[in-house]
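Please keep the sequence and the model in view while reading the points.

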Amino acid sequence: KEDVRTKGTYTAMMLVSDGKRLFGYRGFTRQDREWYYKLKVAQCSDYVAIFQESINESEILGSVSELENGELVSVGLGLDIKREMVR
């Protein structure tokens, strides 16, 4: 069984949910386009957002951080955030 991450170029930007957690993943091989494959997470007092772009991040009332290449973030129903590298 081959792993797509070891063959050629790929981009994986996705959001999925199992009904209990929302998962976001950022992965890519084209380092020259790293700026294009952004995925961020905002933790605010009453919500968590996972997003690719924001017109004005300064309007978000909370902390915003960018996922690393190969990083998975998940948000639970209680707004707890877990981050881990999956490479």
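**Notes on the predicted model**

1. Of the 87 residues of the protein, 30% count as buried. The model discussed here is a predicted one. The accessible surface of the protein amounts to about 6,000 Å², and carbon and sulfur atoms hold 51% of that surface.

2. The secondary structure consists of seven strands and zero helices. Followed along the sequence, the elements give the pattern β-β-β-β-β-β-β. Among the contacts in the protein with a separation of 6 or more, 42% come from residues 24 or more positions apart.

3. The strands of a sheet pair through backbone hydrogen bonds, and the pairing is either parallel or antiparallel. In this model, three strands form an open sheet in the order E4-E3-E5, with antiparallel pairing. Strand E4 (48-51) and strand E5 (62-66) are at the edges with a single partner strand each, so one side of each has no neighbour in the sheet. On average, neighbouring strands of this sheet are turned by 15° against each other, direction ignored.

4. How many bridges join E3 to E5? Five bridges do so, and the two strands run antiparallel. Within this pairing, Ala 42 stands opposite Val 64 in E5, and Lys 40 stands opposite Glu 66 in E5.

5. The pairing of E3 with E4 is also antiparallel and extends over four bridges. Here Gln 43 is placed opposite Val 48 in E4. Three residues lie between E3 and E4, and the two strands form a hairpin. E3 is mostly covered, as four of its five residues are buried.

6. Which residues make up the largest nonpolar core? This core has seven residues, namely Leu 39, Val 41, Val 48, Ile 50, Leu 67, Val 73 and Val 75. E4 and E6 are the elements that give two or more residues to this core.

7. Leaving aside neighbours within four places in sequence, Leu 39 is in contact with Met 13, Gly 24, Tyr 25, Arg 26, Ile 50, Phe 51, Gln 52, Ser 65, Glu 66 and Leu 67.

8. Is Ser 74 buried or exposed? Ser 74 counts as buried because its relative accessibility is 7%, and buried means under 20%. This residue is found in strand E6 (residues 71-76). The side chain of Ser 74 makes a polar contact with the side chain of Arg 21, at 3.0 Å. Not counting residues up to four places away in sequence, Ser 74 touches Arg 21, Leu 22, Phe 23, Asp 80, Ile 81 and Lys 82.

9. Glu 34 lies in the loop between strand E2 (21-28) and strand E3 (40-44). With a relative accessibility of 35%, Glu 34 counts as partly exposed. Beyond its neighbours within four places in sequence, Glu 34 is in contact with Arg 26 and Phe 28. Glu 34 and Asn 69 are 35 residues apart in sequence, while their C-alpha atoms are 8.5 Å apart in space.

Key: Residues are numbered from 1 along each chain as its sequence is written. This is a predicted model: local features need pLDDT of at least 70, side-chain atom pairs count only at pLDDT 80 or more; totals for chains, interfaces and linings use all residues. Side-chain values use heavy atoms; hydrogens and water are left out. Buried means under 20% relative accessible area, exposed over 50%, partly exposed in between (1.4 Å probe, protein chains only). A polar contact is a pair of N or O atoms within 3.5 Å; within protein, one must be able to donate a hydrogen and the other to accept it, and residues adjacent in sequence count only if both atoms are side-chain atoms. Contact means heavy atoms within 4.5 Å. Accessible areas come from the Shrake-Rupley method with a 1.4 Å probe; for residues, only the protein chains shown count as cover. Two strands pair if DSSP finds at least two bridges between them. Axes are lines fitted to C-alpha atoms, for helices over the stretch in contact, and angles run from 0 to 180 degrees between N-to-C directions. A nonpolar core is a set of buried Ala, Val, Leu, Ile, Met, Phe, Trp, Tyr and Cys residues joined through side-chain atoms within 4.5 Å.
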